[in-house]
Amino acid sequence: MLLAAAAGTVAVVLLGYGFDVLKRTEFSTVDTRFDIRGTRKPPRELVFVKIDDETFNDLNTTFPLPRQLHAKVIDRLKADGARAIAYDVQFTEPSSDPNADDALIQSVRDAGNVVLATTEVDSKGKTKIFGGADGLAYSKAVPSDSLFPNDPGGVFRRTEFRIDGLTTFPLAAAGVFRGRRIDPPGGASAWIDFAGPPGTVKSISFGKVEQGRFPKGMFKDKLVVVGASAPSLQDLHPTSTTGDNPMPGPEIQANAADTALRGFPLSGAPGVIDVALIVLLGVAAPLLALRMAAPKAVLITIGLVALFLVAAQLLFNGGTIVKVVYPLVAAGLSAAATVILYAISAAFERERARDAFARFVPESVVGQVLDQADGVRLGGVRADSTVLFSDLRGFTSFAEPLEPDQVISILNRYLTAMSDAILDNGGTLVAYMGDGIMAVFGAPLRQDDHADRALAASEDMLGRFDEFNEWLRAEGLGEGFKMGIGLNSGPVMSGNVGSERRLEYTAIGDTTNTAARLEGMTKGTPWQLYLADSTRESLQRPREDLEAVGEFEVRGREAKIRLWTLPGTRHREPAAAPAAAVPEVTG
């Protein structure tokens with residue numbers, strides 16, 4: 001399921017990447033990267049002459065400005081040594097003053113380095129600047145298209161190279177400034193590498209230039225962009241660096257021209273890089289979850305995402321724009337799928353564990369056991385516990401003449417009674433071994449009074465066993481049986497053993513082996529219960545009625561063990577003394 005989640009996530013995100021469904025969001029991350037990078041030094045080769053409100057006040061005029069004012073500004077710029085004059089004002093219609101029009105055309109011709117803008121271009125790249133072909137040819141101006149491609153939300157982030165066969169304003173201005181053609185990179189457009197927010201490009205009011213109020217040499221060897229910045233002229237636009245403060249169109253042109261002059265340093269990464277990043281982050285969480293717990297895999301994935309974001313910013317600072325949103329979406333979807341699958345599998349695992357432990361421990365404590373355990377894959381847990389073994393005497397020979405279904409019915413009746421006694425006292429049923437039972441108290445659920453519970457369960461078992469024998473006699477099935485119970489306390493290693501296909505809960509160790517042998521030692525004795533001295537010492541509520549049986553050797557142990565019993569557990573038909581029988585018990 002994890003592999004399927006990884007493959008599905010990557011496929012969905014790559015499909016979205018192919019159709020660019022998150023284009024607007026992706027572009028917004030570019031704006032964020034500009035913010036993080038911060039403002040660069042203003043371009044040294046550019047000056048923005050802005051037609052602002054101060055211009056209208058200084059020149060006591062309104063827009064459109066008289067063309068003789070434009071002519072005078074061009075003359076002053078040329079005289080101060082401007083290498084290129086890029087005029088982002090459209091002169092496609094004659095004004096009311098033909099003499100002013102002629103003066104402007106002559107100034108443009110005399111300057112010999114003027115780029116003029118227009119938004120009106122026919123399909124053949126022709127314009128109506130200065131009335132059309134003749135006027136434009138006489139002026140020797142370089143015509144250009146001043147439109148920008150609109151990204152979603154009307155944001156200006158890129159500049160095109162040609163529109164309707166006409167070179168765009170920034171590329172034309174950069175070409176005139178360099179004195180040669182600027183070869184753009186592949187594709188139809190490029191990212192504008194903005195120097196910063198509005199006002200970053202060095203600027204001066206148009207009115208001051210017209211009046212000659214500027215330092216001599218201010219425009220020497222500069223690319224001068226002239227255009228509107230007054231809010232009333234409605235040439236303000238959002239860009240990658242504007243935030244809530246839109247940038248004047250001519251300043252956007254200046255940033256785009258500077259980008260061209262610097263060889264278009266900001267470019268998108270190859271598509272194969274974007275695809276690789278989508279795949280890498282899309283498969284990270286699921287593949288990691290194959291080797292470790294899902295929460296840890298998700299945390300590592302979050303770390304990878306953080307490293308990716310840092311790397312993406314560093315690459316941006318170096319001039320490469322990698323897609324960010326699509327890899328992030330891939331990482332987020334795959335991490336969410338991993339967590340969901342983990343939660344679902346954990347829920348199934350818990351139910352599986354509940355079903356498994358419900359066979360061993362009382363239903364009322366199953367939840368508590370699961371809280372302390374790690375599902376059915378519970379590892380070995382070492383705890384002080386009391387182990388109980390019980391067995392029927394003579395049941396095999398008793399069962400031989402009976403029908404199998406009758407034998408099973410009798411055995412089930414016996415095991416049910418004994419199991420209820422164990423579970424009612426908080427014990428854990430470990431295994432049925434024919435007519436034998438193994439149980440443990442104090443594992444997997446820790447119980448400080450495990451010895452008291454085991455002894456109480458033993459008494460309860462013997463009481464129910466008497467009722468079972470009475471039922472056998474009433475059914476004419478003989479005089480009943482004798483039962484042997486062995487109790488021993490100490491450290492026990494408990495947990496699941498087996499394989500993923502079949503698991504069994506068990507308790508192992510010397511404590512368990514000794515308990516099994518104590519049960520076997522009750523054979524041939526009048527006693528049905530032996531408990532080791534370790535169990536007596538572990539009782540939190542000491543029993544004054546415990547009776548010492550003696551010290552006995554137990555196979556597998558060097559030291560003798562002192563055994564105890566309860567007088568009420570003596571079988572009604574005395575058998576040989578316990579000292580005469582120390583049987584071989586296989587456990």
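## Helix 4 and helix 5

In this predicted model, helix 4 (residues 67-79) packs with helix 5 (residues 98-111) at an angle of about 15 degrees, and their axes are 8 Å apart. Because angles under 35 degrees count as roughly parallel, helix 4 is roughly parallel to helix 5. The crossing of helix 4 and helix 5 is left-handed.

On the helix 4 side, the residues in contact are Arg 67, Gln 68, His 70, Ala 71, Ile 74, Asp 75 and Lys 78, and they meet Ala 100, Asp 101, Ala 103, Leu 104, Ser 107, Val 108 and Ala 111 of helix 5. Sorted by class, the contact of helix 4 with helix 5 is made up of seven nonpolar, three polar and four charged residues.

## Helix 15 and helix 16

Another packed pair is formed by helix 15 (residues 404-424) and helix 16 (residues 450-474), whose axes come within 8 Å and cross at roughly 155 degrees. Since angles over 145 degrees count as roughly antiparallel, helix 15 and helix 16 are roughly antiparallel to each other. The crossing of helix 15 and helix 16 is right-handed.

Helix 15 contributes Ile 410, Arg 413, Tyr 414, Ala 417, Met 418, Asp 420, Ala 421, Ile 422 and Asp 424, while helix 16 contributes Ala 457, Asp 460, Met 461, Arg 464, Phe 465, Phe 468, Trp 471 and Leu 472 to this contact. The residues of the contact between helix 15 and helix 16 comprise 12 nonpolar and five charged ones, with no polar residue in the division.

Pro 444 has its place in the loop between strand 17 (436-441) and helix 16.

Phe 130, a residue other than glycine, has a positive phi near 55 degrees, and it is found in the loop between strand 3 (114-118) and helix 6 (133-139). With a relative accessibility of 10%, Phe 130 counts as buried, because buried means under 20% relative accessible area.

Asp 221, likewise a residue other than glycine, has a positive phi near 60 degrees, and its position is in the loop between helix 8 (206-210) and strand 10 (223-228). At 38% relative accessibility, Asp 221 counts as partly exposed, since that class lies between the 20% limit for buried and the 50% limit for exposed.

## The chain as a whole

The protein chain holds 18 helices and 22 strands. Its C-alpha atoms fill a box of roughly 140 × 45 × 35 Å along the principal axes, and the radius of gyration of the protein chain is 46 Å, whereas a compact globule of 587 residues would have one near 25 Å.

Of the 587 residues in the protein chain, 51% count as buried. Where contacts join residues at least 6 apart in sequence, 75% of them are between residues at least 24 apart.

How values were computed
Residues numbered from 1 in each chain as written. Predicted model: local features only at pLDDT ≥ 70, side-chain atom pairs only at ≥ 80, totals over all residues. Heavy atoms only, no water. Axes fitted to C-alpha atoms, helices over the stretch in contact; angles between N-to-C directions. Helix = DSSP H or I, 4+ residues; strand = E, 2+ residues; numbered from the N terminus. Parallel < 35°, antiparallel > 145°, perpendicular 65-115°, else oblique. Left-handed = near helix turned anticlockwise from the far one by under 90°. Contact = heavy atoms within 4.5 Å. Nonpolar A, V, L, I, M, F, W, Y, C, P; charged D, E, K, R; others polar. Rg over C-alpha atoms; globule rule 2.2 N^0.38 Å. Buried < 20%, exposed > 50% of the residue type's maximum accessible area, 1.4 Å probe, protein only.
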